[in-house]
Amino acid sequence: DEVEYYREVRLMQSIEVSLAVAGLSADGSRFILRNDFRRGDGKACVKVTSTGGWLDLDARKLIAPPESLLAGLRTLPRTDDFRELPSSIREDGP
């Protein structure tokens, strides 16, 4: 996670949070999600960028998500700086 702070938010102050995809591999095995936090006056206060991948806990390796989850990721809005990411899935050799 990378967090960029711009302005403070006070206790009980209204904020709006948006979610967008900043990067995604074709198979969905890697992703970058961005949350933008804005105060009630519209001024940006925080940007949180999270980079991740899907891990098969039994096999201990990166995998593609289920098709329904990938379809959901593909419907999210994209950031202006969206980029296609390489796949994290490695083909096992013989």
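**Close-up 1. R78 lies over the face of F82.** The distance from R78 to the ring centre of F82 is 4.0 Å. A charge counts as sitting over a ring if NZ of Lys or CZ of Arg is within 6 Å of the ring centre and within 35 degrees of the ring normal. The model is predicted: local features need pLDDT of at least 70, side-chain atom pairs count only at pLDDT 80 or more, and totals for chains, interfaces and linings use all residues. Residues are numbered from 1 along each chain as its sequence is written, and side-chain values use heavy atoms, with hydrogens and water left out.

**Close-up 2. F31 and W54 form a tilted aromatic pair.** The ring centres are 5.3 Å apart, with 45 degrees between the planes. Rings of Phe, Tyr and Trp (its six-membered ring) pair if their centres lie within 6.5 Å; planes under 30 degrees apart count as stacked, over 60 as edge-to-face and the rest as tilted. The pair links distant parts of the chain, 23 residues apart: F31 belongs to strand 3 (residues 30-39) and W54 to strand 4 (residues 44-56). Strands are DSSP runs (E, at least two residues), numbered from the N terminus. F31 is buried, with a relative accessible area of 12%, whereas W54 is partly exposed at 27%. Buried means under 20% relative accessible area, exposed over 50% and partly exposed in between (1.4 Å probe, protein chains only).

**Close-up 3. R90 lies in the segment after strand 6 (78-85).** R90 is exposed, its relative accessible area being 72%. R90 and T79 are eleven residues apart in sequence and 27 Å apart in space, C-alpha to C-alpha.

How values were computed. Helices (H or I, at least four residues) and strands (E, at least two) are DSSP runs, numbered from the N terminus.
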